[in-house]
Amino acid sequence: QEQLVESGGGLVQAGGSLRLSCAVSGSIRSIDVMGWYRQAPGKQRELVASVTNIGTTKLADSVKGRFTISRDNAKNAVSLQMNSLKPEDTAVYYCNAQGWKGFYLPFNYWGQGTQVTVSS
């Protein structure tokens with residue numbers, strides 16, 4: 001069964017760094033986009049960063065210059081390097097992958113979420 005396996009996250013002081021990683025396991029044909037979303041208490045889930053299979057990236061304005069997303073197509077994996085973390089980055093971070101299990105069989109997978117807490 002296909003799934004997303006996340007790692008990373010935790011508690012860090014403001015100004016610190018964390019790295020999140022995520023990989024798709026199972027049988028798939030291709031992955032179009034991989035990315036990270038986050039949801040803080042009382043707020044809607046928002047896109048943090050995404051990367052396509054040809055390396056096109058998108059970053060939320062709030063994280064530009066601090067976060068970097070990278071992808072390893074051979075491993076069906078994506079990482080999010082988070083630097084200069086701020087208390088407002090505190091949220092549950094979710095990995096997302098969209099692609100194809102086969103012809104005419106799309107998928108949209110979510111990870112279980114990992115908590116990132118930034119203390120002031």
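Strands (E, at least two residues) are DSSP runs numbered from the N terminus, and two of them pair if DSSP finds at least two bridges between them. The structure is a predicted model, in which local features need pLDDT of at least 70 and side-chain atom pairs count only at pLDDT 80 or more, whereas totals for chains, interfaces and linings use all residues. Residues are numbered from 1 along each chain as its sequence is written, and side-chain values use heavy atoms, with hydrogens and water left out.

Within this sheet, E3 and E8 pair in the antiparallel sense over six bridges. Ala-23 stands opposite Ala-77 in E8. Strands of a sheet pair through backbone hydrogen bonds, either parallel or antiparallel. Strand E8 also holds Ser-79, which counts as buried because its relative accessibility is 12%; buried means under 20% relative accessible area, exposed over 50%, and partly exposed in between (1.4 Å probe, protein chains only). The side chains of Ser-79 and Ser-21 are joined by a polar contact of 3.3 Å. A polar contact is a pair of N or O atoms within 3.5 Å; within protein, one must be able to donate a hydrogen and the other to accept it, and residues adjacent in sequence count only if both atoms are side-chain atoms.

The structure holds one disulfide, a term for a pair of cysteine sulfur atoms within 2.5 Å. Cys-22 is joined to Cys-95, with an S to S distance of 2.1 Å. The torsion about this S-S bond is about -85°, so the disulfide is left-handed. Distant parts of the chain are linked by the pair, with Cys-22 in strand E3 and Cys-95 in strand E9, 73 residues apart. Cys-22 counts as buried at 2% relative accessibility, and Cys-95 counts as buried at 0%. Both cysteines are among the residues in contact with Val-78, neighbours within four places in sequence left aside; contact means heavy atoms within 4.5 Å.

Val-78 also belongs to the largest nonpolar core, which has 30 residues; Trp-36, Val-48, Phe-67, Val-78, Leu-80, Met-82 and Tyr-93 touch the most other members. The elements giving two or more residues to this core include strand E3 (18-25), strand E7 (67-72), strand E8 (77-82) and strand E9 (91-102). A nonpolar core is a set of buried Ala, Val, Leu, Ile, Met, Phe, Trp, Tyr and Cys residues joined through side-chain atoms within 4.5 Å. In soluble globular proteins, nonpolar side chains tend to be buried together.

Two arginines were also examined. Arg-38 is placed in strand E4 and counts as buried at 6% relative accessibility. Its side chain makes polar contacts with the side chains of Tyr-93 (2.9 Å) and Ser-62 (3.3 Å). Arg-45 is found in the loop between strand E4 (30-39) and strand E5 (46-52), and counts as partly exposed at 35% relative accessibility. Arg-45 touches Arg-38 as well as Tyr-37, Gln-39, Tyr-94 and Trp-110, residues up to four places away in sequence not being counted. The C-alpha atoms of Arg-45 and Tyr-93 are separated by 9.1 Å, although the two residues lie 48 residues apart along the chain.

Terms used: Helices (H or I, at least four residues) and strands (E, at least two) are DSSP runs, numbered from the N terminus.
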